[in-house]
Amino acid sequence: MPKVAFITGVTGQDGAYLAEFLIEKGYTVWGLKRRTSLFNTDRIDHLIKDEHEVGDRRFHFLYGDMTDSTTIIRTIQQIQPDEIYNLAAMSHVKVSFDIPEYTANADGIGALRILEAVRLLGLTEKTKIYQASTSELYGKAQEVPQNEKTPFYPRSPYAVAKLYAYWITMHYREAYNIFACNGILFNHESPVRGETFVTRKITRAVARISLGLQKKLYLGNLNAKRDWGHAKDYVEAMYLILQQDEPDDYVIATGVTTEVREFVRKVFAEIGIKLGFTGSNEQEEGVIASINNDIFEGKVGAKPDHLRAGQVVVEVDPKYYRPTEVDLLIGDSTKAKTKLGWIPKYTLDDIMKEMVESDIDLMKREECLKNGGFKIVSRLEEKR
Ligand code: NAP
Ligand code: G4F
């Protein structure tokens, strides 16, 4: 019998990559999906098969919401999963300051609802649980780099909600002997990263600026440093965590940290634009120092006639500042490397290159679509 996995948050970045990964491993995958007024399955369209056309389906949807216990219990009862990956969350740190109560409910109590369902349904021996914990738990980091023993100091309603989820997962492991694990994942990105997270916001904007569709990129804190990996590497770690003999918690990170400002510079450099930064704080600007026409034309497929040296293409807008910031994250994943044999394959340069190329392609397709072209493949498919 194929193993059965239940993924909450299947329409998100990680859910999509994980579903694909598990299906390739032979699993039957059930995904929890919120009802939305428009389709939001772009990232997983390639996995969805019409039941009227295909007999053997490996991927299924169920409607539900992390704030709705009864549906979660009914769903888990129906599926009887071998593994649950709890990825659903209001995952945007800045937005969590605007909707803290909802964030606590979905991200914090949501994790409890999954654990309690497994306990109530008598599945504690059968079902393993992965909880999507986060490096945001370290917040005002108490040591550098951060590992499984580093004390937590959350700095946002999101991180506080995730702190509850972390501890309740560990508590259910100890109190009820459930195979429940925390993956403390540092930031991970991809071409299907949500458009309002900083890396994707940057690669999208650089693509649009290069094509003359946008003039400037407005950002918040350029000084923040993050340990950025690739979502594909990170979903493999989630799977490995649940394949161990004993449940445990693991830090998943690359061990390399990069400033937001440096990420911006690198993405512009990828299309042949050398960027300099002048000024400080809210007056800081990113200015084109020079353009390598050959690289630009090779990457963008057009001439940079609308761009010139001295042009300001990046500005700071304080509306993107957070009431409290997480200044520096860098993870030490020695435990994952030793015990899981997990080694990330992608470097930050690989990720950035893949993302900007994908966004240039996407922007061209969107423009083509506006002008009467056809959308023929899903976003994830076209980015693989
Ligand atoms: P994401 O792209 O924002 O996806 C979040 C998923 O959760 C989406 O499928 C979303 O559905 C779903 N969701 C949100 N609220 C829900 C609710 N109330 N009920 C049911 N589903 C709900 O996030 P991600 O980057 O894939 O991250 C996956 C998980 O890992 C999240 O828990 C995140 O907090 C955590 N994490 C992420 C990172 C990272 O760098 N990516 C690092 C550490 C931890 P819709 O599509 O309908 O919005
Ligand atoms: O890309 P971000 O929004 O990601 P953040 O806050 O680190 O959170 C992400 O990673 C966490 C893991 O550590 C996950 F748990 C969480 O779910 C999410 O996936 O911001 C990264 C940094 C921040 O310091 C932010 O202040 O970039 C800075 N930044 C500067 N300008 C910006 C912007 N962030 C966003 N989103 N938009 C800006 O304009």
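Analyst: A backbone N or O atom of G12 lies 2.9 Å from an oxygen atom of ligand 1, which is a polar contact (a pair of N or O atoms within 3.5 Å). The model is predicted, so local features need pLDDT of at least 70 and side-chain atom pairs pLDDT 80 or more, while totals for chains, interfaces and linings use all residues. Residues are numbered from 1 along each chain as its sequence is written, chains are lettered from A and ligands numbered from 1 in the order written, and side-chain values use heavy atoms, without hydrogens or water.

Another backbone contact to ligand 1 involves A89, where a polar atom is 3.2 Å from an oxygen atom of the ligand. T11 uses its side chain instead: a polar atom there lies 2.6 Å from an oxygen atom of ligand 1. Of the 900 Å² of accessible area that ligand 1 has on its own, the protein covers 90% (Shrake-Rupley method, 1.4 Å probe). Elements that give two or more residues to the shell of ligand 1 are α1 (13-24), α4 (100-120), β5 (128-134) and α5 (157-176). These are DSSP runs numbered from the N terminus, helices being H or I of at least four residues and strands E of at least two. The largest share, three residues, comes from β5.

There are 26 residues around ligand 1, and those that come nearest are T11, R34, S91, Y102 and Y158; a residue belongs there if one of its heavy atoms lies within 4 Å. By type, the shell of ligand 1 holds eleven nonpolar, ten polar and five charged residues. Asp, Glu, Lys and Arg count as charged, and Ala, Val, Leu, Ile, Met, Phe, Trp, Tyr, Cys and Pro as nonpolar; the others, Gly among them, are polar.

Y158 leads on to ligand 2. This residue is among the nearest around ligand 1, and it is also named among the nearest around ligand 2, together with T134, S135, R322 and E325, out of 23 residues there. An N or O atom in the side chain of Y158 is 2.8 Å from an oxygen atom of ligand 2. The side chain of K201 places a polar atom 2.7 Å from an oxygen atom of ligand 2, and for an N or O atom in the side chain of R226 the distance to a ligand 2 oxygen is 2.8 Å. Ligand 2 has 710 Å² of accessible area on its own, and the protein covers 95% of it. The shell of ligand 2 divides into nine nonpolar, eight polar and six charged residues.

The peptide bond from V144 to P145 is cis, with omega near -5°. In the loop that runs from α5 to β6 (180-185) sits N177, which has a positive phi of about 60° although it is not a glycine. N177 counts as exposed, at 64% relative accessibility; exposed means over 50%, buried under 20%, and partly exposed in between (1.4 Å probe, protein chains only).

A second residue of this kind is N281, with phi near 50°, again positive without being a glycine. N281 is exposed as well, at 57% relative accessibility, and it lies in the loop between β13 and β14. Because E284 lies between β13 (273-278) and β14 (285-291) and R261 in helix α8 (residues 260-270), the pair ties together parts that are 23 residues apart in sequence. E284 is buried at 8% relative accessibility, and R261 is buried at 11%.

The whole structure contains 20 salt bridges (a side-chain nitrogen of Lys or Arg within 4 Å of a carboxyl oxygen of Asp or Glu). One is between E297 and K303, with the closest N and O atoms 3.6 Å apart; E297 is partly exposed at 31%. E270, K299, K353 and E357 are linked in a network of such bridges. R365 and D361 form another, the closest N and O atoms being 3.5 Å apart. Both of these residues lie in helix α11 (residues 348-370), four residues apart, about one turn of the helix. Both R365 and D361 are partly exposed, R365 with a relative accessible area of 36% and D361 with 32%.

Definitions and conventions:
A polar contact is a pair of N or O atoms within 3.5 Å; within protein, one must be able to donate a hydrogen and the other to accept it, and residues adjacent in sequence count only if both atoms are side-chain atoms.
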